[in-house]
Amino acid sequence: MPALSTTRDIALSDRTLANLPKADLHLHLEGAMRPGTLADLASTYAEPTPQVGCYRSFGEFQHCYRAVVKLIRTRSDMRRLVREVVEDAAASGAVWIEPHFNPTTYAPALGSAEDVLDLVLDAGVAAGRSIGVGFGITLSASRNRDPRDATVLARLAADYAGRGVVAFGLTGDEAATPPEAFREAFAIARDAGLIIAPHAGELLGEPSIRSTLDILSPDRIAHGVRAVEHPALVERLANERITLDVCLASNYVLGVVKHIEEHPLPHLLESGVLCSLGSDDPLLLQNSVLAEYQTARSHLSMTDRQLAAIASTSIQSSGAPTDFIAQTLTKIEEWTKEDVPDLSDQRLHRDHEDCDTR
Ligand SMILES: [Zn+2]
């Protein structure tokens, strides 16, 4: 499936979505690498550049992700990745990000898991300070590893609660290991006060989401969109105030929806389910969090008021400090009150220019 085009039918009179303050709660650190950095690293290490953008299965998607991870070989590579991810988030109008990350992937090559986590947190906070992006980390265990690794990671996450780690997640193939195996890990993370944000409900449907709710007690679910197949589950998500961290491009590229216009985001919102929009893996999906909002506007006909509500949900569901959340909500409200620019003069001017160049 090709990457999703986001350039269709964007109304000239709408507010600038890059100016809408938002949090990107669903992105993966390595999956947000810049294409140019990927090419640089591949060249430096004399490796082939992983081909991104077309996957026949989730297995191929994961294979590509692992190829990207293998190109991060020094602390300097990691520092560059983090800095660029923060800069790209700022360009999308994100004021807060909390990428999914697992430092044990890089231990001992780049230091201990604590050393790697310290490196990422220091680099993220430093990069964000000068450009107005708050930075937290979602430590994420993998369904493709031994569940005991998840328990070890949860203890690390608990140690860093209040020191940069804000959430605990679960990534990988939903079909690989059911949530039961991760019950202990998530209990540790919850007891430490972390936001619980596992992936579920993209590759599998209702049973996966229901067992995730029953066993892991999430605050948020990355994806979760296949809940739409069961009205009672949609109602439960709404009643329990679970936020779905939706990524339109991922659902399209991985074939969860055949046509983006059929995406269930509007239905979920109308049903009272809280949803944020995130970029997931901008490198692999060729998107950005800004592109997600643009797609919601252009392909799902969402209004500025609805997009502002999604942005508000994203910041309210984040691990950002309380005062930061309050300030950002005020800025989002201000965005909705901005005058919509009347671009009719510019449109006429552009038509005139077109005539000149014909
Ligand atoms: Zn994800």
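Helix H7 is followed by Ser 217, whose phi is positive, near 45 degrees. The model is predicted. This briefing covers H7, its residue Ser 208, a zinc site, and Thr 151 in another helix.

**Helix H7**

- H7 spans residues 206–216.
- Eight of its 11 residues are buried, so H7 is largely enclosed by the rest of the structure.
- The buried residues are Glu 206, Ser 208, Ile 209, Ser 211, Thr 212, Leu 213, Ile 215 and Leu 216.

**Ser 208**

- Ser 208 sits in H7.
- Is Ser 208 buried or exposed? Its relative accessibility is 9%, and buried means under 20%, so Ser 208 counts as buried.
- Beyond its neighbours within four places in sequence, Ser 208 is in contact with Glu 174, Ala 200 and Gly 201.
- With Glu 174, the link is also a polar one: the two side chains form a polar contact of 2.5 Å.
- Gly 224 is 16 residues away from Ser 208 along the chain, and their C-alpha atoms are separated by 9.1 Å.

**The zinc site**

- Which residues donate to the zinc ion? The protein donors are His 26 (NE2), His 28 (NE2), His 199 (NE2) and Asp 280 (OD).
- These donors lie 2.1 to 2.4 Å from the zinc ion.
- Angles among the four donor atoms run from 82 to 176 degrees, and the site is irregular.
- The donor residues follow the spacing H-x1-H-x170-H-x80-D in sequence.
- His 26 lies in the loop between strand E1 (22–24) and helix H1 (35–44), while Asp 280 lies in the loop between strand E10 (274–277) and helix H11 (282–285). The pair therefore ties together parts that are 254 residues apart in sequence.
- Both His 26 and Asp 280 are buried.

**Thr 151**

- Thr 151 has its place in helix H5, which covers residues 147–159.
- Thr 151 counts as buried because its relative accessibility is 9%, under the 20% cut-off.
- Leaving out neighbours within four places in sequence, Thr 151 is in contact with Glu 184, Ala 185 and Ile 188.

Conventions: Residues numbered from 1 in each chain as written. Predicted model: local features only at pLDDT ≥ 70, side-chain atom pairs only at ≥ 80, totals over all residues. Heavy atoms only, no water. Helix = DSSP H or I, 4+ residues; strand = E, 2+ residues; numbered from the N terminus. Buried < 20%, exposed > 50% of the residue type's maximum accessible area, 1.4 Å probe, protein only. Contact = heavy atoms within 4.5 Å. Polar contact = N/O pair within 3.5 Å; in protein donor to acceptor, adjacent residues only side chain to side chain. Donors = N, O, S within 2.8 Å, 3.2 Å for Na, K, Ca; no water. Tetrahedral: all angles 85-135°; square planar, octahedral: opposite > 155°, others 65-115°.
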